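Please keep the sequence and the structure in view while reading.

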Amino acid sequence: MKVGARYKGLGSPQDVQEALSQALYIASEDLATAIYLAMALGKPLLLEGAPGVGKTEAAKALSSTLSCELIRLQCYEGIDANTALYEWNFPRQILAMRQANDAKLNIYDPEFLIARPLLQALHLQSEGLLLIDEIDRADHEFEAFLLEFLSDFQITIPERGRIRASQRPFVILTSNRTRDLHEALRRRCVYHWIDYPSPSLEVDIVLSRASNVARATAEAIVAAVGRLRAEPLAKAPGVAETVEWADAATRLKDLGETWPEAFRRSIGVVLKEQDDLSFLEPRMREIIG
Amino acid sequence: MKSDLASKFLIGFAHVLRQQGFLASADQSISFLSATQALGPKSLADIRRAAQAIFAPPPEHRDIFNELFDQYFLGQMSVEKVETETNEEATTEATDTLPGQSEDFSDPGVRASTDEASSKRVFVPIDDTAALKKFRRLALKRLPERLTRRTRSSRRGRGLDRVRTVKAATKTGGELLRLLHRKRQLKLRPILLLIDVSGSMKSHTEIALRFAHVLLTLPTRVEVFSLGTELTHITPALKLRAQVQAFTKISELVNDFDGGTNLGETLGTFLRNPRYLGFARGALIISISDGLEVGKSDGLWEAARKLYSLAFAHIWLTPLAKTKDFSPQTEALMRIEPFIDEFGSALSISHICAHLLGAPVPKEVA
């Protein structure tokens, strides 16, 4: 089975890996394989991992690689159909009713409909990527609703009837795994757990993402972050924080700060819990190296 | 013919996974075949990647998953064996879960210490008592609630129900004569139940587990851990509706029944896991323990302080509370007293339920 005509030029996991690296996203072979399989099988891709390991970035890089529109739905507790699907434009409906007087008016005409991310994804006429971010923050009811949406790519608006996607978008769901997602959702997706990258891969990520960071600095930061991740912290630093720390320390160095001091003074970029800071304070010198 | 054999062999792996408690449905098996085909496959690594992408093993069990993969694909397990095992599995797989809940037993928690001797327990489940039935009935009204961000139609409320208001305005030519409202819904707070299964709690462990089994039926997030010398996440087992099955599963999962007590260390293990930490955030924490900590209580003090800062409230129920005006006497409980919102009795299920519902305490204690 080959990836359909929709994703030309991405005929293997290696192609996906190369394409992503052009979008400055350095993907592991496993992640590239998962993306390739999601495309080949026409299934949503579920990316799980600790905060800051690059789940959302993967979706952004992929949309840039595929040169398609990225539609993002940020989930939160209490998210409902109004926010995710559609909403009626009430002020316009009221004004139209007043202007119409006795004339016949359909207040449920599409001109009064405000499409939210999921409906926007259904309306796409060309390639599109739907990112459903942090699905674990949404409640179970929304997850169940999403299950239905993702299986048929159609919705029913009571006043207008059924709307079906003319072209199925590529869907990426991300989760920080603050709670377990329902099995029914997991088994419908191609799954990949994004772990912290290997030190050499993380150095490459820092060098490609941060500006003007020397390789030696990147290596020192990655080694220090590795030591931090081995500590029992409330919040272990993610890849995004590694990049920010390298960037911040380099900026301080440019202002004339000496090296270990530049790392130490910019530690707030990477450790954001007072408990973690006070716990590590006595051994900070040893950790920073 | 050759391809049929290969497909059969690949699908056999799904059977193996299912036997080991991993998620492996029929449509996943089919997707696994398609995924393997899509990748070539050029090597065993391709098949492994396809398996990981389709069967979605949780990260903490990826090692077990890979071990099973190696055992199966490197020739240590034959298709015939799998087929025989699958037939046996069909007769034993009659588990009864609550609708929409997980059957994942592959997350038994983290071992805090291996120093202490471990042991298993066999339970003889008893029918629900009247107290549990009453608890189930009243919990929705009496346990602490919080406002959710979901709203519902209401006569009064701060938000406007725009859909209904506009619908009403269609009858009055667009004039908004009647404003209809929505208000935020109330929901039970999440509950975290910590059960001490050490030797000193031997006669009360079953009571606590029976209570936990009922707690899991409440419409909120409930997470249950057993504490002794190890930390064990027993929520998936308790989700089995039949008490016999749930308790059998728990006796398989928990290795430290009736052992020593190392609450500080086990709670420390709990707090070091960011995922478990999330269970405590904003939750009602109920600890059922006598607090008879072995050695120094510094670890317990630190853990209680941290839980106090995270939780909505922390209630400590102990079988040592034999009077209504109980105040802690053990060194560990006295130290953590500032971080406990309420102490109560865990002498029996009636006592536990009565305390949580705020009902009058049963006569034998009052």
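## The largest cavity

In this predicted model, the residues that line the largest cavity fall into 4 nonpolar, 3 polar and 3 charged ones. Chain A contributes A:Asp30, A:Thr33, A:Ala34, A:Leu37, A:Tyr191 and A:His192 to this lining, while chain B contributes B:Arg49, B:Gln52, B:Ala53 and B:Arg62. Two or more of the lining residues come from each of α2 (29-41) and β9 (190-193) in chain A, and likewise from α3 (44-55) in chain B. Of these elements, α2(A) gives the most, with 4 residues.

The space inside the largest cavity is about 50 Å³, and a search of the whole structure finds 2 cavities of 30 Å³ or more.

## The second largest cavity

The second largest cavity has a volume of about 40 Å³, and its lining, too, draws on both chains, with A:Glu48, A:Arg177, A:Arg179, A:Asp180, A:Leu181, A:Arg186 and A:Tyr191 from chain A, and B:Ala56, B:Pro57 and B:Pro58 from chain B. By class, this lining holds 5 nonpolar and 5 charged residues, and no polar ones. A:Tyr191 is found in the lining of the largest cavity and also in that of the second largest cavity.

## Where the chains meet

Turning to the interface, 46 residues of chain B are in contact with 41 residues of chain A. The area buried between the two chains is about 4,000 Å², and carbon and sulfur atoms give 54% of it. On the chain B side, B:Arg49, B:Arg150 and B:Arg275 supply 16% of the area that this chain buries against chain A, which is more than any other three residues supply. One of these, B:Arg49, is also among the residues that line the largest cavity.

## Polar links and the chain B surface

Between chain B and chain A there are 9 salt bridges, and 14 residue pairs are in polar contact, both residues being at pLDDT 80 or more. A salt bridge joins A:Glu87 to B:Arg162, where the closest N and O atoms are 2.5 Å apart.

The side of chain B that touches chain A takes at least two residues from each of α2 (26-38), α3, β2 (145-154), α7 (162-169), α12 (274-280) and α13 (298-310) of chain B. The largest share of that side, 7 residues, comes from α2(B). Sorted by class, the side of chain B that touches chain A has 17 nonpolar, 13 polar and 16 charged residues.

Note on methods: Residues are numbered from 1 along each chain as its sequence is written. Chains are lettered from A and ligands numbered from 1 in the order in which they are written. This is a predicted model: local features need pLDDT of at least 70, side-chain atom pairs count only at pLDDT 80 or more; totals for chains, interfaces and linings use all residues. Side-chain values use heavy atoms; hydrogens and water are left out. On a 1 Å grid over the protein atoms alone, a cavity is a set of points where a 1.4 Å probe fits but cannot get out, and a pocket is an open set with protein on both sides within 12 Å along at least five of seven lines; lining residues have an atom within 4 Å of a point. Grid points are joined across faces, edges and corners, and a volume is the space filled by probe spheres set on the points. Ala, Val, Leu, Ile, Met, Phe, Trp, Tyr, Cys and Pro count as nonpolar, Asp, Glu, Lys and Arg as charged, and the others, Gly among them, as polar. Contact means heavy atoms within 4.5 Å. Buried area is the accessible area (1.4 Å probe) that two parts lose on being put together, summed over both. A salt bridge is a side-chain nitrogen of Lys or Arg within 4 Å of a carboxyl oxygen of Asp or Glu. A polar contact is a pair of N or O atoms within 3.5 Å; within protein, one must be able to donate a hydrogen and the other to accept it, and residues adjacent in sequence count only if both atoms are side-chain atoms.
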